[in-house]
Amino acid sequence: MSEQTTLDKVPAPRPASGEKLLEVTGLQKYFPINGGFIFQRRVGDVRAVDGVDFHINAGESLGMVGESGCGKSTTGRLVTRLLEPTGGKVSYAGKDITHSSRKELAPIRSEIQMIFQDPYASLNPRQTVGSIIAGPMEINGINPTGGRERRVRELLEIVGLNPEHYNRFPHEFSGGQRQRIGVARALALDPKLIVADEPVSALDVSIQAQVVNLLQKVQQELGIAFLFIAHDLAIVRHFSQRIAVMYLGKIVEIGDRESIYGGPRHPYTHALLSSSPEADPDDDGRERIRLAGDVPSPINPPSGCRFRTRCWKAQDKCATEEPPLVRLGGNAEGHLTACHFPEEPTIEAREEDIVLDPALAAIEEAADETP
Ligand SMILES: Nc1ncnc2c1ncn2[C@@H]1O[C@H](COP(=O)(O)OP(=O)(O)OP(=O)(O)O)[C@@H](O)[C@H]1O
Ligand code: SF4
Ligand SMILES: [Mg+2]
């Protein structure tokens, strides 16, 4: 398989215009929890996404990171309108699509595409690669010049696969190649926005960089905007111009890459950066915070600041007042942080490690005391 991608065969690139393509305000998704023996009634909600604001400019990549269960996939599915929001607003190219019907969404369905985490599960094993990639064209009744087959062959070449493998089935490809098929399918309709939900997490580490490079080429050369969802900050570091850090259904910090990696202010961002060894492989003098312990339940999140049950800086105010997501003094424009007692904008080493999990700290203390 050739690692070379030929992007020159694709229609004219759309340069990043800097205009807002997607805007999300106060976005919420509550999943109802039903209980009761005979009559099922709503006994609570999983507050998966609970008041999220962000935008993505045309041609730009926004990275979204956070631990498992913090609401990243739900946010991605709300943006692509695979899910109906409980509250808030989603605007695409200036149009409010928050509650648009299937029919109203039809014209923009082709412009917003999704790439999923698991290349094994997201491709139909009984379909040939050709029909998988042509699927979106068929559904949307699109007949490119030269025919669908020619376009599929072009797309296979773009993603670095052999166009002659048009008639093969997904099981004949490796994990990385299958994810390339997923990328080709997402490109089939010439999208303006791709939501990539952990597109490389299921792949071998050795393959991850190849797929990230492919996505980066796609983003830069075709001018496609990305919402790139990832667990840790290392993967999005080189891919996304801006980064949003999520915790328990909320964005706790957002800003330009340089600002987030070089001068993080939210304790949680500090913890994520210090727990991600590859976030900055050249820097040995980074602080050490060991992020452990469980994220509280999104059914009953902590009052005030949601991070307070794991935060080493928490004070009384943190339990009573929710910190707003605002620009702090000294921060670059567009760098917003939700914290009452923010950290210094540095990633210098600390005198002592901060251990976030009391149980882990107790075990380590006991181990230290054992002769
Ligand atoms: N359909 C659903 N019904 C009920 N709860 C759901 C549903 N989908 C997600 N959730 C819950 O919403 C919360 C956020 O889930 P989500 O999948 O968005 O998190 P995530 O950040 O993508 O996590 P991961 O990193 O594990 O993929 C979790 O507590 C999850 O259990
Ligand atoms: S608001 Fe308080 S608890 Fe929340 S991150 Fe800031 S210091 Fe920690
Ligand atoms: Mg997810």
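Biologist: Which strands does helix H6 (residues 205-222) lie across?

Modeller: Helix H6 lies across strand S3 (61-65), S6 and S8, and runs at about 155° to S8. Helices (H or I, at least four residues) and strands (E, at least two) are DSSP runs, numbered from the N terminus. Contact means heavy atoms within 4.5 Å. Axes are lines fitted to C-alpha atoms, for helices over the stretch in contact, and angles run from 0 to 180 degrees between N-to-C directions. This is a predicted model, in which local features need pLDDT of at least 70 and side-chain atom pairs pLDDT 80 or more, while totals for chains, interfaces and linings use all residues. Residues are numbered from 1 along each chain as its sequence is written, chains are lettered from A and ligands numbered from 1 in the order written, and side-chain values use heavy atoms, without hydrogens and water.

Biologist: What is the order of the sheet of 8 strands?

Modeller: In general, strands of a sheet pair through backbone hydrogen bonds, either parallel or antiparallel. Two strands count as paired if DSSP finds at least two bridges between them. Here the order is S6-S7-S8-S3-S9-S10-S13-S12, in an open sheet with mixed pairing. Strands S6 (112-115) and S12 (326-327) each have a single partner strand, so one side of each has no neighbour in the sheet.

Biologist: In which sense do S7 and S8 pair?

Modeller: S7 (residues 193-197) and S8 (residues 225-230) pair in the parallel sense, over 5 bridges. Alanine 196 has phenylalanine 228 in S8 as its bridge partner.

Biologist: How does the sheet of 4 strands pair?

Modeller: Its pairing is antiparallel, in the order S2-S1-S4-S5, and this sheet is also open.
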